[in-house]
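Let's take a friendly walk through a few local features of this model. Have the sequence and the 3D view open as you read.

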Amino acid sequence: MCRGPGLVHVSLHSPGSAAAPRAHGVEEVSRDNLSVGSSASTCLNVSPPCVCVCACVLRTYGRAPKMIHLEANFVQFKEELLPKDGTKALLTFPFLHIYWTDCCDAEAYRGSVKEDVSRWQSSLRAHGSADWLIIVVDGGDARKKNKGNILPRSSIVDKIRGDFCNKQNDRCVVLSEPLKDSSRSQESWNSLLLKLRTLLLMSFTKNLGRFEDDMRTLREKRTQPGWSFCQYFMVQEELAFVFEMLQQFEDALVQYDELDALFTQYVLNFGAGDAAKWLGSFCSPVLNWSGLLLRRPIDMEKRDSIQRGSASLLDLRSYLFSRQCTLLIFLQRPWEVTQRALELLHNCVQELRLLEVSVLRGALDCWVFLSCLEVLHRIESCCDRAQLAANASHTVGLWAYAADKLKALGHLCGLVSCKGPTSEDLNRTVDLLAGLGDERPETVNSLQSPYKKLKEALSSVEAFERHYLELCQAAMEMYRAVGRLRSARLLGKSLAEFYMSKGEPERAEALLAEALRSYVCEGWTFPVTHTRKQMGECQKLLRRSADSLRTSALLAGDGNLSAEERTSFCRDVLDYAGQPADEGGDPSATLDMGVLAQLTRIRFGPDGACVHSGAALRVELTLRCLMPVAVRVDELAVGVHLDAERVTKGGARGAALPGTVDFEAAVTAPGRPSSLSAGPPPEMDEAHDRSPSDDSLSSAGVVCRNAHLLVRRHDSGSPPDASGPPARNGASGAPPAALKEGAPVLRASGITLEPGDNSVVLAAASNEAGTYTLRQLCVTLANVNFVLPHIYPSVQYHVYSQEPQLSVRPLSEPLLAGLPQRVKFTLLTGHYAVRKGDALQLSNSDSMPVLAHVGCTARIANNGGAVAESALSVQSSDKVTSIGLPPTPPYHTLEFHLEVLCLIPPGPERLADERLTNGEAPRRPRSYSHPDTAMAAIDQRMSIDCPWSIYSTLLSLTFHIPFKTEHSLLSAGNRKYIQVCVHNVSDCDFTLAHVKLAEKGPQRRASLEMPCLNACARQLLCSKQSVYFLWEATCKEALPSSLECVFSASFCPRGRCEDAAFEPFHYHFLMDNVPTLYSVRADMVPPAGERHCRSGSLCGLEVVIERAARPADGEPAAAAADDKTDAEGLGSGKVMYEVADSSSNWAVCGRSSGLVSMPSSSGSWAHKVHIEVMPLFAGHLPFPKIKVLKYLPHNASSVQADADSQVENDSLSLLDKTLDDAAADTASVRSRGSVQSLGEQQHRGVALPRLDPFGPGQVFNHSHARQVLVLPAADEHIVEVHAT
Amino acid sequence: MAVCIAVIAKENYPLYIRSVSPQNELKFHYTVHTSLDVVEEKISAVGKSLGDQREFYLGLLYPTEDYKVYGYVTNSKVKFVIVVDSANTSLRDNEIRSMFRKLHNSFTDVMCNPFHTPGSPIQSKAFDEIVSGMMSQSA
C-alpha cells in the first residue's frame, strides 16, 4: 500500500467500533498487524486498519491512575490529516507520528532520507505536534551484504540521532532483523513496543489534559453571549467518547451526567426568569414525538441535529438518555436505567411545561408511552426472565406509567367510550400518528415494537382495549408480585373506571370491590366514599338491588358527602323500601344495622336491670341515626334470649348488672377504621381456684372472658359493608340473620328516627323468671330490615321470682336478756301476695315470751319507699302467738316491731326439758360466751309457721346476759361469810334492788340465818363495774357441810326506777365443805438465847394443827351416809402436813412433812409439830407455807403398821414434784391425785395411799400471811447490795 | 412548599391529612395511600440491612408526573408523607428533611398532650399551624 520509507501517524480508533474490546496480548497483536515487508525493496507494509493495542497506565490530572486499553490506528501520513487549529476532535487526533526507514547506507541517507525527515519534522512542528518517533529497521539481509561494516550502519542511527533528536535520544529506535526469529529480533521488537507504548501514552495524556482544560475554559464562558450549549455538548461528548473507548464507562457517564445537569440547570434558570439565548432553539414546538431510541449505541441522526443546533428538547433529552442508557448497560446497571427513565420522562414533561413549549395535545403521552416501552424492551433484551421477575419493582413503574398514558390517549382519541371515536377524535389520532414519523429501521422487522403497538392501539377500539388491558394486567401483576398491593388496587380501580366507561360494569365490580375493601379496611374515608360511589353506579347498572341498596344506605350516612348527595342516596333507600314487594324482586332486603344507625347505649328503667317477675322494666335504646333526614321506621324489635337456668343458679342477687351499657367504645372512633379499632374492650376477671376440701386458695389468675372476640384474625373479619356481592364473597357477605324464630321480642312501632341520637323506649318482657339477653336489634323499614346480629358487649337483665322471706333482726345491738327488747320482723313477700287473714304463728317458749303490744303497726314498702302503714293484731294464747298480717302485694316488704323478753337462766343449772307446741325437737337456749363482748350469750330460737309454707321457719336471736355473777365463801375462824359479786358486762348502767340471799332446797334449817351486811337497798351498777354483796352465815348448831343458796335481785336500766320496770334476776349456787375442820397455827421460835431470828441460823417452826369443834349432829350422819371414807378421815383419819417455801426465803431443814393421826374421839384436839427452818435472808419474811392435806389410805382396812414411812417417801416424792412446779396449786395436786387414784384402780393389789386437799373453807390458817423479823447474821461481813 | 401533608398511623389509617386545594383532596388521598406501599417496602428493606440504627427519613418514595412524594417514619411506625409539586424545583433534599423534622417535633408535642388519645385523629391547632406554615411557603 505504501511504498518506500513510510510515515505513519497513530490515531485513536473511533468509539463506534470500540464496543468489542480486544483481549489479546499486546505483542501478539502488534506482530500480527505490523508486518514489515519481506521483500528487498525495504518497503514497510502497513495493513489497512492497523491497530495497536496498548495496555498502559493512564494518569490524568485529579484522577486515580487507571489501567486502560488504548487502541491505535496506523494511518499513512498526509499533510491534510494534521489537525487544524481549533479543531477539538479527539477521536481522530494523531497522537504519535512515526517515521519508518530501513536506510543503511550513509549516502542514501544523506541524499534523500535526511531531507525527507526534516521536511516531515518541519510540517509536524508547524502543527505543534511534538510527539514523533523514528524507527530504523535493520534488515538482516542488509547486514549480511555488508559484513564487517557495522560501523557505518550504526552511524546512520547515530546520524539520525544527531540530526533530529538532539536531546531526545529515545525518539529513535532500531528494529533489528524484524523477520528473523532470533533473540536479537525479539529483543528489538520488545523495546520498540515498549517505546511505542510509552510515547503513545505520554502524548495521549498530554493531549487529553489539554483537551479537558480547553473544555473547562469553554464551559466557563457559558455566561458570555453567543455561547452555545450544543457546541459545548459536542466537546464534552468527545471526552465521553474517549473514556468510552478506553472502557472507562463510569467516567464517560459522568460526562453525560454533567451535561444533563447543566442543561437541567439552564431550564430551571429559565423557569426562574433567567433565560439563556441558546435555549430558544429548544423552545421550538415539538413536531416529532417518536420516543426514545435505545437500540443504537449512538443515534447519529439526533447527534447531527444537536450539532446543527436544530434539536428539540425531546431530541436532546432522548439522545442524552440513550447514551446514558448505553453506558449503564455496559456498566451492568440496567435497573438504574429504568429508574432514570422514569425520572427523565417525568422531568421532560415538566420541562416542556416550564419552557412553555407548544406541544400537540396527546403528543407527550405518545412520547412517554413509546419511551416507556422502548426502555422496557431494551432492558428485556439485556436481562433474562428470572432477573426481570426479580427486579419487577424497578420496571413496574414504567409499566404503570405506560398504562396510564395509554389510557389518557384512549380518552383523547375517543377509544374508551362505548360509542367509539368521533370524527374529531379520528383527526386527532391522525395528527398524533403523524408526529411519530416513520418506524426506525431497527424495529421494522420486529413484530412487537413500541411504534407498532401504539399505532395499532390507536387504530381501533378493540385493539386499544387489548393493549390497555395487557399493560394494566402486566403492571398489576408486577405490583402484586412486589407486594405493592395498594398500587395494584389503585391501578385496578382505574381499570374499573375504564370498564365502567366502556359499559361493562360486571368486569369493574370485582376490581372496585377489592379496592373498596382495602380502603375500608385501612380506614381511608375519602377514597372509601369515592370508590363507594363508583361501586353504587356499578351495582345500579348491574341491577344488583340489594347491594345497591346497601351501598346507597352507606353513602346516605357518609359524612364526606354533601347534604344533597346524602339526601338523594337516602331517597334511593326509601324508594326501594317503599316499592311493593313483587316489584323489588327481593321481598325483603336485610341490611346491617350499621348502615342506618349505631346503637350507642342501652339503659334499663329500674337502674339495676333486675326486676321481679311481672314488674315493669323499661329498656331505653339510644340509636344514632346516620341518615341525613328523618326516617320513619315501621318497627323496631329487639330479639331476646331467655336463659331460665341462670337465675336458679345465680339467684336474683347474682352478678350485679350495669343498668346502662354504653357502646361508644365499641362504636368506631372517628378516623379509626372499624376493622382496626380494638373492637370490644377486653373483659377481664379475676379467677380463683380453691381446693374443694378446705377452701384454701390453690391458684389465682386473670381471665379474659371475651378472648374469642379479641384474638380473631382481623383480615377475615369482613368490614360491615363488604361490598362485594354475597355470592362471590362467600360466607362473609351473607345477609345477617334476622330475628330468631320463636324467641321473645321486644317491639316498638311507628318510630321516627331523626338524624343524630334517638331514644327509643321498649317495655321489656318480665313474665318468666330468668336472665334475658338482648341479642339482635332489627329495624324494619317497609320491606327493608336493618339488623344488628349481635349486640355486644352483651346486655342482660334479670327477672327473678323470689320465695317469701322472713327475717328477724334486733332493733338495736346487742339484745340483752332479762329486759324487754324490740326486734324487727321483716317479711319480703316475694311472689306471694299476703291476703287478709294471713297470720304468722309464733310458737311460744317459756324462756322468751312475746310481749303483746297494743297498737303495733306494720309498714309496707316496696323498692321505692313506704307504701302504707296498717295496724297489726297480735293475739297470744298460751301456746302460740298469732300475728295477723295486713294484705300485702307481692315483692313488697312488710316490717313490724315486736317486744320480746328473754329470761335469764337462773344459774349454772339446766332448765328442765321443754317441748314446743308443734312437736319440734326439744331445744334449749344455748348459752355461751361471746368472744367480742365478753357477755354470755343465749341463742334463742323461734319457730314460726308461715301461711305460704307448710314448713315452720326457724329463726334465732342472740341475747346477751348483762351480768356475770360469782360467789365465794370466806372464813374467819369458824365464822363463815358468803360473798356474791355481780359484774355488769353490758354497755348500759343498771340499778339493782331487792338484793336477797336465801337458802334453797328442801331441808331448810330454821336455825340458819344469813344476816345481810350490805348497806343500801338500791345499788347503781355501772357498765363494766362490779358490785359485791356479803352475808354472814350463822347457825345455832354446827354449820351444814353444804349450802345451796339463791341470790336474787331485781334490776332495771338506770333512770327508770318505777317498780314495774324492775326485772328479777336470780343466781343459784351451791357451796360444799362449809364448816372449818382444822385450824393451823404457826409460830417462829428464834434460836435459844436470841430474841429474833437471824439469817443463816436455824429457827424452829412450831405448827399446831387443831381440830375445830365437831360439826353438828345431823351433819356427820349425812356425811357418813354420803362417804364413809370421808367420815373416817374426819373422825379417825390422818392428816398430812407439809412445810414448803416456794419463794426460797427459807430452807427447810430436816423433816418437812409428816402424817398426823387424828384421834377418833370427838372434841377438840391439837397436834404440835416442830420443824427446823433456816431463813436465808434478813428482813420481814413471810412464814413458809404450811399445807394440810387429807391422807386417805387406799383401803381403810389394810392400813399397815409401817404405813408411816412408806407414805412419807411417797409424799416426799410428790412434794418434790410440787416444788418443781412454781405454782404448786391445789388443782395440780388434785389432778395428780386423780391420776394416782386411777393407777390405784388399775393396780388394786398394790397399796397406794391417796392425798386429797381440803376444801377452801375447811382449814383455817391463823398464821396466814404472817411475817417474822429476821436479823442479818451477826458476823456478816459481806454486805450484799441489791441495786435494781 | 408542600401541597399535601399526611400523618398515618402504624396501622395505616390516616391520623391527619391535609392538602392545599380541596378540589384535589381525593387525588392526594389516593396518592398518599398508594405511597404506603413504598414506605412499607423501604421500612422492611431498612430493617434487614441496618438493624436498629435506622433513619427516619425515607427519601423520595416515588415521583409522579406532577408530584414528588417523600416519606418519613418514626420509631413507633407512624408515617409522615409530604407531597411536593414537581414543578417546585427549588426544594432540596435537606429542606424536605427539615420539614419532616419540624413535623415530627410537632407530632411529638401532640402525643405529649395528656388529653390526646393516641390513635385518634390529630386535631391540634398547633400542629395545624405548623402544617399550614409548610404549605404556605410555596408562595
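Helix α18 of chain A covers residues 505–522; helices here are DSSP runs of H or I with at least four residues, strands are E runs of at least two, and both are numbered from the N terminus. With 18 residues, α18(A) reaches 25 Å from its first C-alpha to its last, close to the 26 Å expected at 1.5 Å a residue. That expected span is 1.5 Å times one less than the number of residues.

Among the buried residues of α18(A) are P505(A), L511(A), L512(A), L516(A), Y519(A) and E522(A). Buried means under 20% relative accessible area, exposed over 50%, and partly exposed in between, with a 1.4 Å probe and protein chains only.

## How the model is read

This is a predicted model, in which local features need pLDDT of at least 70, side-chain atom pairs count only at pLDDT 80 or more, and totals for chains, interfaces and linings use all residues. Residues are numbered from 1 along each chain as its sequence is written, chains are lettered from A and ligands numbered from 1 in the order in which they are written, and side-chain values use heavy atoms, with hydrogens and water left out.

## A pair of helices in chain A

Helices α10 (residues 334–354) and α11 (residues 363–382) of chain A have axes that come within 10 Å and cross at roughly 170°. The two are therefore roughly antiparallel, a term for angles over 145 degrees. Axes are lines fitted to C-alpha atoms, for helices over the stretch in contact, and angles run from 0 to 180 degrees between N-to-C directions.

Residues of α10(A) including W335(A), L345(A) and L352(A) meet a set in α11(A) that includes W367(A), V375(A) and I379(A); contact means heavy atoms within 4.5 Å. The residues of this contact divide into 15 nonpolar, two polar and no charged. Nonpolar covers Ala, Val, Leu, Ile, Met, Phe, Trp, Tyr, Cys and Pro, charged covers Asp, Glu, Lys and Arg, and the others, Gly among them, are polar.

## Two loops with positive phi

Most residues other than glycine have a negative phi. Y891(A), not a glycine, has a positive phi of about 55°. Y891(A) lies in the loop between β27 (880–884) and β28 (893–901) of chain A, and counts as buried at 11% relative accessibility.

A1265(A) has a phi near 70° and sits in the loop between β50 (1259–1261) and β51 (1267–1271) of chain A. At 68% relative accessibility, A1265(A) counts as exposed.

Terms used
Angles under 35 degrees count as roughly parallel, over 145 as roughly antiparallel, 65 to 115 as roughly perpendicular and the rest as oblique.
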